[in-house]
Amino acid sequence: MTKFYLAIFLLSILLLTSCVKEIKNNDSVDSKNRVNEYALVIHGGAGNIYKGRYTEEQEKLYIDKLSEALNLGKEILASGGTSVDAVETVIRVLEDSPLFNAGKGAVLTSDGDVELDASIMNGKDISAGGVASLRHIKNPITLARFVMEHSTHVLLFGEGAEKFADEFGMQKVENNYFKTEERIEEYNNSKSVASIENKDYKFGTVGCVAIDKNGNLAAGTSTGGMAGKKFGRVGDAPIIGAGTYANNKTCALSATGHGEFFIRNVVTYDISALMEYSKFTLKEAADHVIKNKLVKQNAKGGIIGIDKKGNIVMSFNTDGMFRGYITKDSEPTVELYN
Ligand code: ASP
């Protein structure tokens, strides 16, 4: 009999410690207490995206590609895939599309080449990976994920990052693969839209944030950076806390805009910190940073975000932002203008 009580006692201790561990390691919200059981938000860049700038045909190209990406993300989340899987897969689709400034179709540097930055973060354990100044990696977001999951580092740069990619047999391409005719033309008239001084400048970075069925958050961002960038310039996209941030305690965020300001203002971490320490809602925090703090500095851009309850935000201080979302209960919703 004593042995029986001893066994019950030991079993209760075991159960109790495993519960405590579970609570400690996971800040996710139970599905019953979430607005959306699972959801995904994307952006394809902000900027002077106003009605009349694009023909109906061009608008349709963007809407179709963003909808395709949203549907794919939903499929992954609906079948129980993780938010990290959804974010990586969706960003790969946008990197492969010449419509956006990420992967194929990225903007050209002042030397006429392409240099790519990307990062990804897992809100469950705040693990993160970033890559910068890549010249041959077809899908930078996947390399960022390898950095997050298979290295002890957070950010790898240039040749070193590309050497690391060889360990995983990643697909490499010539730098020319990324250059589309439009980008070459833009470069040749480089004082036109390619200049940040130009009122028509458009940021075309892509990003994705998601919450999965287990309530885990993830965020990712991928870009060619700013058109005409110089001297190995690295923007906010691969910098954790600037262009990308995810934490199950608060939210997941991806940014697009004038990277130097997003780095100086640590934009995505700032939004998360306002939620964590000052109890702002996601919308209050995002609007405060994007529409108040950045505007005072004349800094252009926007963010997409999703909080631990599945609330969605898409906040920007430009004329428009290519953006869209999908939830368990909704079809893809895509918007281009303000
Ligand atoms: N944020 C990116 C950068 O500064 C540019 C963009 O959003 O298109 O590199």
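Predicted model: local features only at pLDDT ≥ 70, side-chain atom pairs only at ≥ 80, totals over all residues.
Begin by selecting the eight strands of the open sheet, which run in the order E4-E3-E2-E6-E5-E1-E11-E12 with mixed pairing. Colour strand E4 (155–157) and strand E12 (333–337) separately: these stand at the edges, and each has a single partner strand, so one side of each is left without a neighbour in the sheet. On average, neighbouring strands of this sheet are turned by 10° against each other, direction ignored.

Next, select strand E1 (residues 39–47) together with strand E11 (residues 320–327). Seven bridges join this pair in the antiparallel sense.

Then move to helix H5 (residues 158–166), which lies across strand E3 (127–134) and E4 and runs at about 105° to E4.

**The pair H2 and H3**

The crossing of H2 and H3 is right-handed. To view the contact, show the side chains of Glu68, Ala69, Leu72, Gly73, Ile76 and Leu77 on H2, and of Asp85, Ala86, Thr89, Val90, Val93 and Leu94 on H3. By class, the residues of this contact are eight nonpolar, two polar and two charged.

**The pair H8 and H9**

Now select helix H8 (residues 267–278) and helix H9 (residues 282–296), whose axes come within 9 Å and cross at roughly 140°. This angle makes H8 oblique to H9. The crossing of H8 and H9 is right-handed. On H8, the contact is made by Val267, Asp270, Ile271, Leu274 and Met275; on H9, by Leu282, Ala285, Ala286, His288 and Val289. These residues divide into eight nonpolar, one polar and one charged.

**The ligand**

Finally, centre the view on the ligand. Which of the 15 residues around the ligand come nearest? They are Phe203, Thr205, Gly235, Thr256 and Gly259. Colouring the shell around the ligand by class shows three nonpolar, eleven polar and one charged residues.

Terms used:
Residues numbered from 1 in each chain as written. Pairing = 2+ DSSP bridges. Helix = DSSP H or I, 4+ residues; strand = E, 2+ residues; numbered from the N terminus. Axes fitted to C-alpha atoms, helices over the stretch in contact; angles between N-to-C directions. Contact = placed C-beta atoms within 7 Å. Near = placed C-beta within 6 Å. Nonpolar A, V, L, I, M, F, W, Y, C, P; charged D, E, K, R; others polar. Left-handed = near helix turned anticlockwise from the far one by under 90°. Parallel < 35°, antiparallel > 145°, perpendicular 65-115°, else oblique.
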